[in-house]
Amino acid sequence: MVRDSDPSAPTRITRLLGRLPLRTVLVVPFVAQVAAVGGLIAYLSYRNGHTAVQDLAFQLRSEVIARIEQQLNVYVEIPHAINRINAIALANGDLDLDNQRGARQLWEQAKIYPNTNLIYCGRETDGALIGVGRTDDAARRPQLLSYNDAGNFLGQYYSMDESGMVGALLRRGAEPYDARQRPWYQAAKTQGQATWSKIYLDFDSQLPTITASQPVFAAAGNELIGVCATDFVLPAEMSAFLQTLDVGENSVTFIMERSGRLVAASVPTPTLASQPVAPSDDPATIAASNLAVNSTNPQIQATAQHLQTTVTD
C-alpha cells in the first residue's frame, strides 16, 4: 500500500495560516516589517551618530591644538624679536650700560609686551648690565635695573614715569652681580647665536626661569660685545590662555616639554615657574619638581605617563 508523502513546508504554513484569524494574518507581517525597518534605522542612526560624534571630537581637538600652537609660536618669537632690536642698539652704541642711554627703548618694549618680566643686555668686558623689569607689587610698574662699576655692581633699581624717563632710586641690591656668569649669558656665548637657556634660578626672585638670549658681536670681526636677553613669563601667560579655551567641563589642556617638565596647564597645578625654590636647589631638583608625571592633577599625570611609554621621540 502506498502512503502519501508528508506535506511540504509551504503546505504546512498554509494550513497554519488558515487556522489564524484574518486580522492576525494581515497585521503580523506588516508589524514585523515595520519593526525590522525601525531596527535598521536605529542601528544606522546609532552608527552614523557615533561616527559624527567622533569626527566632531577630532575636529575640536585639532582646533584646540592649532590655537595653542599658534599662541605658543607668538609667545616664543616675541623675546627673540626684542633681542634682535636691542642687539643692534648695543652694537651701535645706542644702548649704554654706564649712563642709562637707551633705557627708554627697553621701557617701550616692556610696555608693548607686558608679559615680559625683564628685558636687558649684559657687557662682555666687565659683566655690567642694564635692563627694564617690573616691580614686585600688584601694579607691576616698569623699573630700570642697572649693574655697573659706578654702583660696585650692586643692583640699582630706579622708577620710570609714564613717558619712560628714569626717576628716583627705589632700592639697592645686596649681592654683586656679573652678567657673564649667568646661565642666560653663557648659553648665548656658547651657542654663538640666538638660543634659549636651560632652567635656572632668577637672581632676585629665585624662581625657576628660562631666558631667550642673543650674542652681540662687533660690526667688524667676531669680537663679542655682550648678550641681550628677555625673561618671559611663559608659564603664567600660557596657563591663563589655556583657561580661556572651551574644551568641556571634564577636559584639561596642558603644555609639556620633551623633557617631561610641565610648562603650563588649564587647571591649578605646579608648573615650571610657579614656585619659589631654595637657593640650594640645583637645576635637576627644580626640573624633577615640575615633571608632568608628578602633577597633582590626575588627568595630566596619567596622560604624561601614557606619553612616556608610547612616544619615543
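Colleague: What makes Cys121 and Cys228 a disulfide?

Modeller: In this predicted model, where local features need pLDDT of at least 70, side-chain atom pairs count only at pLDDT 80 or more, and totals for chains, interfaces and linings use all residues, the S to S distance of Cys121 and Cys228 is 2.1 Å, and because a disulfide is a pair of cysteine sulfur atoms within 2.5 Å, the pair qualifies. Residues are numbered from 1 along each chain as its sequence is written, and side-chain values use heavy atoms, with hydrogens and water left out.

Colleague: Why is the disulfide of Cys121 and Cys228 called right-handed?

Modeller: The torsion about its S-S bond is about 100°, so the disulfide is right-handed. Cys121 belongs to strand β1 (residues 116-123) and Cys228 to strand β10 (residues 224-232), so the bond ties together parts that are 107 residues apart in sequence; strands here are DSSP runs (E, at least two residues), numbered from the N terminus.

Colleague: Why is Cys121 called buried?

Modeller: Buried means under 20% relative accessible area, with exposed over 50% and partly exposed in between (1.4 Å probe, protein chains only), and Cys121 has a relative accessible area of 0%, so Cys121 is buried. Cys228, at 0% relative accessibility, also counts as buried.

Colleague: How do you know that the reach of helix α7 is close to the expected one?

Modeller: The expected span is 1.5 Å times one less than the number of residues, and α7 (residues 298-310), which has 13 residues, reaches 18 Å from its first C-alpha to its last, close to the expected 18 Å. A helix is a DSSP run of H or I with at least four residues.
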